[in-house]
Amino acid sequence: MIELKNIEKRFGDNLVLKDVSVVTREGSVTALVGPSGGGKSTLLRCINLLEIPTSGTVRIGDEELTFHPGGHVAARDIQRLRRQTGMVFQNFQLFPHRTAIENVMEGLVTVLKWPAGRAHARALALLEKVGMAAKADAWPATLSGGQQQRVAIARALAPSPSVLLCDEPTSALDPELAQEVVDVLGQLASEGTTMVMATHDLRLASKVADEVVFLEAGAIVEKGPAARLFSNPVHQRTSRFIATLRQEQAAKSE
Amino acid sequence: MPHWLQLMLESLGPLLWAALVFTAPLTLLSFALGLTVGLIVALVRLFGPAPLAAAVRFYVWIIRGTPLLVQLFLIFYGLPAAGIVLDAFPAALIGFTLNIGAYSSEIIRAVIGSVPKGQWEAAYSIGMTWGQAMRRTILPQAGRVAVPPLSNTFISLVKDTSLAAAITVPELFQAAQRIVAVTYEPLILYIEAALIYLVMSSVLSALQVRLEKRLGRYGGFLEARS
């Protein structure tokens, strides 16, 4: 379970998250949606502390950390919480100097100190799962965007995190390649992987998400089950945004 | 056999010996130590506390702003007046190390900064500490970019070690000077010395190409055409 309590984030004078609280169930997929600059990416990055909240509490499973303005957070505490998470980035961010399988092994070998043989076996199994085993020894620069993102998903899953965080995982991909990634994430969701994703890909959100949180200007406008929120949003702002996404989606797939 | 060729062949032994015993060790040692200094200085400037960063900036400013020959004279001829007496070789080693440290720190700082921030985040996201991210993710990528500029520094250093002749280190150039003093054949001897420097630099250039290929084998770079 992930619990974000009264999260506030400021960059200087700029308040980008205002008292945001979200709880997600284990095994569920939560989509953070909303216009650019609405704070969804920042909120996601507050979960694995790539951004340190100005104030509020982050809890993942049994690990909890509370933040205060001006307070110091020990690197070890950040590490402890972060190791509960895996992250998939918009621009993949594979390590270019390591092959696909080395990318997946990296966390196991360097962080968890697994012996190389065992890490290799697990990495290969994960590449198999995302359909990339045939390209295990390829350099990232030789892979398509969709392939790179699938390797990145395997890398994020390698240390068996309690939650997979996805920051716009399909936004850098054209629709065809995005579909590969949607399929893989959909499969993971059906296997009970807990996920939180920031996305404005309606296809991804509607296929994969159980819960949707609509964020605008750093605050939650509306949240609820994906089926209801997409078909029958309560707030006018939400329905307008979803209508825009539908139009974009239709234009793209033409 | 023409006179000039005979003279060159006769002096080749002493010149190569001087290159092997003084020029090469001085170059290799001061480059290795200088790179270590450069890495530390770069890390301090990027990540260290402000007063320390200011101190190392001062060091870089002094070294880059004054002539290398003057620095060598200060260390070898100047410091004894302050009670610090050094042999010629250690004095030269210190001088060249400080010099390489200052110049390479700027290169290292730049190449570390050139690795995208997203690579740090990717490393952190799989649980790495700062040190692990630096060692496993950032430095290997920065290293590939650093090879051409650091090769420049290295090749300059090989030739700059000839300045050590001025503080009595019996390296290649000084060996040539000594032979000239006896034979009165400066044209021939200095051409010969220049050729030996040229060969050493060429070997380094060839190594640079191989190292670039090796470190860049993962692709994604624009490569030199030949």
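Helices (H or I, at least four residues) and strands (E, at least two) are DSSP runs, numbered from the N terminus. This is a predicted model, in which local features need pLDDT of at least 70, side-chain atom pairs count only at pLDDT 80 or more, and totals for chains, interfaces and linings use all residues. Residues are numbered from 1 along each chain as its sequence is written, while chains are lettered from A and ligands numbered from 1 in the order in which they are written.

**Exercise 1. State how many helices and strands chain B has, and describe the chain as a whole.**

Solution.
- Step 1: Chain B has eight helices and zero strands.
- Step 2: Read from the N terminus, its elements go α-α-α-α-α-α-α-α.
- Step 3: Along the principal axes, the C-alpha atoms of chain B fill a box of roughly 70 × 50 × 25 Å.
- Step 4: Of the 226 residues in chain B, 34% are buried (20 or more other C-beta atoms within 10 Å of the residue's own, with C-beta atoms placed from the backbone; exposed is 12 or fewer, partly exposed in between).

**Exercise 2. Find how helix 6 and helix 8 of chain B are oriented to each other.**

Solution.
- Step 1: Take the axes, which are lines fitted to C-alpha atoms, for helices over the stretch in contact; angles run from 0 to 180 degrees between N-to-C directions.
- Step 2: The axes of helix 6 (residues 130–160) and helix 8 (residues 186–215) of chain B come within 10 Å and cross at roughly 170 degrees.
- Step 3: Helix 6 and helix 8 of chain B are therefore roughly antiparallel (over 145 degrees; under 35 is roughly parallel, 65 to 115 roughly perpendicular, the rest oblique).
- Step 4: Now list contacts, meaning pairs of residues whose C-beta atoms, placed from the backbone, lie within 7 Å. Helix 6 of chain B brings residues including B:Val147, B:Phe154 and B:Ile155, and helix 8 of chain B brings residues including B:Met200, B:Leu204 and B:Leu211.
- Step 5: Sorted by class, the residues of this contact are nine nonpolar, five polar and three charged. Ala, Val, Leu, Ile, Met, Phe, Trp, Tyr, Cys and Pro count as nonpolar, Asp, Glu, Lys and Arg as charged, and the others, Gly among them, as polar.

**Exercise 3. Work out which strands stand at the edges of the open six-stranded sheet in chain A.**

Solution.
- Step 1: The strand order is 6-7-8-3-9-10, with mixed pairing. Two strands pair if DSSP finds at least two bridges between them.
- Step 2: Strand 6 and strand 10 (219–225) of chain A each have a single partner strand, so they stand at the edges, with one side of each left without a neighbour in the sheet.
- Step 3: Check one pair: strand 6 of chain A runs parallel to strand 7 (residues 163–167), joined by four bridges. A:Gly86 faces A:Leu164 of strand 7 there.
- Step 4: Helix 5 (residues 145–157) of chain A lies across strand 6 and strand 7, at about 170 degrees to strand 6.

**Exercise 4. Name the partners of strand 4 (residues 55–60) of chain A and sort its two faces.**

Solution.
- Step 1: Strand 1 (residues 2–11) of chain A runs antiparallel to strand 4, with five bridges. A:Lys5 stands opposite A:Thr57.
- Step 2: Strand 5 (residues 63–67) of chain A is also joined to strand 4 by five bridges, antiparallel. Here A:Thr57 has A:Thr66 as its bridge partner.
- Step 3: In a regular strand the side chains alternate between the two faces of the sheet.
- Step 4: In strand 4 of chain A, the covered face holds A:Gly56, A:Val58 and A:Ile60, and the uncovered face A:Ser55, A:Thr57 and A:Arg59.

Technical notes. Contact = placed C-beta atoms within 7 Å.
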